[in-house]
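Reader: Before we discuss any terms, could you show me the model, so that I can ask how each description was reached?

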Amino acid sequence: MAKLTESGIYAFFNTVNGKCYVGSAVNLGQRFRGHLTLLRKGQNKNKHFQSAWDKYGELAFVWVVLEL
C-alpha cells in the first residue's frame, strides 16, 4: 500500500469514456488534494481534464497510483 507522502506516477481514469490524465508528483497525497480542489472549483490548468470533469462529474473518475 502506497503512503500518500511518497513520490510517484498517478492517473485519473475516466470510467465512462476510458481516457485518463497521467501525472507525477513528489508528494502524491498533496498533489491529489490539489487536483481535487482545483477541479471542484473549475480551475484546473489542464482544460481537457477540467472539461471532462465538468461533463462526466467527479464520480466518473478513479485515481490510481501507477508507480512509486
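Reader: What is the accessible surface of the protein chain, and what share of it belongs to carbon and sulfur atoms?

Author: In this predicted model, the accessible surface of the protein chain is about 4700 Å², and carbon and sulfur atoms hold 55% of that area.

Reader: Which secondary structure elements does the protein chain have, and in what order do they run?

Author: The protein chain holds 2 helices and 3 strands, and from the N terminus they follow the order β-β-α-α-β.

Reader: Why is the protein chain called as compact as a globular protein of that length?

Author: For 68 residues the globule rule gives 11 Å, and the radius of gyration of the protein chain is 12 Å, which is close to that value, so the chain is as compact as a globular protein of that length. Along its principal axes, the C-alpha trace spans about 30 × 25 × 15 Å.

Reader: What makes Gln50 count as buried?

Author: The term buried is used under 20% relative accessible area, and Gln50 has a relative accessibility of 4%, so Gln50 counts as buried. This residue belongs to helix α2, which covers residues 47-56, and, apart from its neighbours within four places in sequence, Gln50 is in contact with Leu38, Leu39, Gly42, Gln43 and Asn44.

Reader: What percentage of the residues in the protein chain is buried?

Author: Of the 68 residues in the protein chain, 29% are buried.

Reader: How many positive and negative side chains does the protein chain have, and how far apart are the centres of the two sets?

Author: There are 9 positive and 4 negative side chains in the protein chain, with the centres of the two sets 7 Å apart.

Technical notes
Residues numbered from 1 in each chain as written. Predicted model: local features only at pLDDT ≥ 70, side-chain atom pairs only at ≥ 80, totals over all residues. Heavy atoms only, no water. Helix = DSSP H or I, 4+ residues; strand = E, 2+ residues; numbered from the N terminus. Rg over C-alpha atoms; globule rule 2.2 N^0.38 Å. Buried < 20%, exposed > 50% of the residue type's maximum accessible area, 1.4 Å probe, protein only. Areas by Shrake-Rupley, 256 points an atom, 1.4 Å probe, with all protein chains shown as cover. Lys, Arg positive; Asp, Glu negative; His and termini not counted. Charge placed at Lys NZ, Arg CZ, Asp CG, Glu CD. Contact = heavy atoms within 4.5 Å.
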